[in-house]
Each structure stands twice: as C-alpha cells, then as structure tokens.
Amino acid sequence: MSAALLRLILAQISIHACMTGMRMATPLLALREGFSAASVGFLLALFALTQVFLSLPAGRYADRQGLRRPLALSVAIAVLGAGAAAAFPVYPVLCLAALLTGGACGTAIIALQRHVGRSAHDKAQLRKVFSWLAIGPAISNFLGPFCAGLLIDYAGGEAASTTGFRAAFLLLALLPLSAWFLSRSVQELPPVEVPAAAARPATAWDLFQNQGFRRLLLMNWALSSCWDVHTFVVPILGHERGLSASVIGTILGSFAMAAAAIRLLVPLLPERISEWQVVFTAMVLASVLFLLYPLMPGAWSMGACSILLGLVLGSVQPMVMSMIHQITPPHRHGEALGLRMMAINGSSVLMPLIFGSLGAVVGVSALFWAVGALVGSCARLPWLIGRDDLPGHPTSMQPPH
C-alpha cells in the first residue's frame, strides 16, 4: 500500500465516521426529546435520501474537477452539518444535519473511488486498491458511533445530557477537517481527455445504453438487497427465537467483521482469477446461505451463517468497483460511480419498507428464501459480463445453468 493510498483511506474514514456517528447520535437525541419512532425513522432516511439525489451530480462534478475540489466541498458541508447540530441541537436542525452529512459523505466517497481507480495501472492493481479502500467504511462504522457514544455518556457529567450530545456533534464536526489535511499532499491526476465523439452533452441514459453497465447495476442491486435484508430481518428473526439484544448485535457484528476481514485477503487472489468468477461464486454461495439461514436453530448456527455470509458478500465490492472502471469510459467513471451509489441508497430507502410489508404477510423466513432465489437467478449476470463486456477477458468456461 502506498503512502498516498493510506492517506486517502484515512481521509475516507474521517468523513464517513462523521456521518456514521451522526446517524447514531441524532436519533438518540430525538428519542430523548420525546419524538416518535416515525420521526426517528424519517430522520434516519434523510442520511440516505440525500445521496439518492446527489450521487449522479457528484459523480459528474468529480469527472470535471478531479479529487480536491469535491473533497474540499464535502469537508465544508460535513463540518457545517455537524457543527449546526452542535450549536442548535433541535429536531429541525438535526434533519438538516442528516441531509448535509449524508450528502457530503456520498460526494467524498465518489471522488475518492474515482481517483483511486484512475491511479491503478492494471486489473490486478484495481482489485488491490479497491480492497484496501473498502476497509475504510468498516473502520468508520465502528469509530464514529463509538466516539460519539462515549462523549454522549460521559462528556456532560451525566449520560445523555445536552452537553454530552453537543460535545459529540462538535467532535464529529472536527473529524472531516483531518480528511482535508490528509489529502492535501496527494497529487491530483491529469484530466481525462474526452474523445471527440463524446464531446456532445452526455446524459445518464447514455451509460445505460452500455449493456455491461446495465448488467452490472442489476447484479449490484441484487447483492445490495442481500445486505439490506440481512440487516433488517436478522433482528426480527432473533427476536422470534428469544435471543437477547446483545446476542443479535453480536450476530450482526460478526457479519460486518467478516466482510471487513475478507477484503484484506482479496489482494492475495491469483491474477488468473477474474472478477466475474469471484462475483459469480459469491452469488451462488449467498443464494445457498440465504436458503439455509432461517433453518438455523439457535444463536451459534445463526452466527456461523452470518460470518460465512459476511465473507461471501464482503469479497464482492472490490470486484464490482474494478469491473465498473473496466466497463465504463474513463471520462465518465465518476458518473458511473454516482449511478451505482444512487441505486444502492435508493434500495436502502425502499427495501426496508418492502421487506416490512412482505414480512407481515409471508413471514421473515420467506423473505430470506425470496432474496436467496433472487440472487441465484441473477448469478448468470457476472458470467455474461465476463464473456461480453470486460475488455481482454474472454472466458472459456461453459455458461452456468
């Protein structure tokens, strides 16, 4: 890992930890102030909602401006959002802070992913840099809530005091500033030359004309649904089986730790193993695990399934990011990354609502089986991408059935 990549990973952790800490602290303050569960749900949805609408413009902005300007803008917006919550810890300002920090995090991540992908020189390096970069969110998902929680409990003299919340918001407002200092010495890459044929104004629909990109988005949506249904349904399934909150939290935590751990091993994969082969294998295994998960009788077996599922799904993101950079034109990498993030966050907003409605009708076990069937039915997509769309990757394998 180069020093420049390490600085960018730390910058990503700083901005993402601000958002994850706010996502934990703001609903706690809203609940303390007596707001309803519906109000808290609306507040949490705002963190993802901003990214649904801003991801595509953020990707285009990164294509035009590179790394530093989008990152500087993200830092300023994140500091403004968390700082406003520290100054005025009331519900309307918390909603504004959710919009600002969520949008800032999405914009920064798109710019960082684009820069890191462009800095790679070949397919093997693409997988390595995206594997390292993907470890950042796993760290910040722990760091932001942990630091905020400590200050909420202890900074005000008593747990959950207004002073404690303000201290937490102030710390979270300071975190993004380190991202700017860390990234200042990272060299900006030269701008991409736009082909003359692509000089006309481009639209997102142009990218959808790319068959490989359509397949990639559909495949990514199916895999994203796995993350959403696991996060949503495991607490319900554990509650039905009489498991305590700490045990359910441990099961979910083991999934996150396994997903982070496998990304340390992805760079060690032999170069002859293609991205589509890893994703195809992951989708088949995920389908099997989702079919088996509701049949697990207790906490230990559910935990084992959770770890295996984390290993399987955690290996996918670096491969998907590498495939995006190979399939889409270099001058539109940011836009493609923005479309991917828009689809993921849109799914994260809508899927819990769909899962809740379906779960009340067919039961949570059927939700697992339905998603397992969905992923299994989409498992052919990575093979098609490897056969038709990835440059220089002709496959000699027979198509899976």
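1. In this predicted model, R114 and D63 form a salt bridge, with their closest N and O atoms 2.9 Å apart. R114 belongs to helix α4 and D63 to helix α2, so the bridge ties together parts 51 residues apart in sequence. Both R114 and D63 are buried.

2. A search of the whole structure finds 4 salt bridges. Another of them pairs E335 with R60, at 3.1 Å between the closest N and O atoms. Here E335 sits in helix α13 (residues 333–362) and R60 in helix α2 (residues 37–65), so this pair links parts that are 275 residues apart in sequence. E335 counts as buried because its relative accessibility is 4%, whereas R60, at 29%, counts as partly exposed.

3. The side chains of E33 and R32 also meet in a salt bridge, at 2.3 Å from N to O. E33 has 43% relative accessibility and therefore counts as partly exposed. R32, at 35%, is likewise partly exposed.

4. The largest nonpolar core has 108 residues. Helix α4 (residues 91–119) gives the most to this core, with 13 residues. Among the residues with the most contacts inside the core are M22, F169 and Y293. Beyond its neighbours within four places in sequence, Y293 is in contact with residues including H230, I251, M302 and F368.

5. Helix α12 (residues 316–327) reaches 16 Å from its first C-alpha to its last, close to the 16 Å expected. Of its 12 residues, 11 are buried, among them P318, H325 and Q326.

6. Helix α3 (residues 68–87) has 20 residues and reaches 28 Å, close to the expected 28 Å. Its buried residues include P70, S74, G81 and A85.

Notes
Residues numbered from 1 in each chain as written. Predicted model: local features only at pLDDT ≥ 70, side-chain atom pairs only at ≥ 80, totals over all residues. Heavy atoms only, no water. Core = buried A, V, L, I, M, F, W, Y, C linked by side-chain atoms within 4.5 Å. Buried < 20%, exposed > 50% of the residue type's maximum accessible area, 1.4 Å probe, protein only. Helix = DSSP H or I, 4+ residues; strand = E, 2+ residues; numbered from the N terminus. Contact = heavy atoms within 4.5 Å. Expected span 1.5 Å × (residues − 1).
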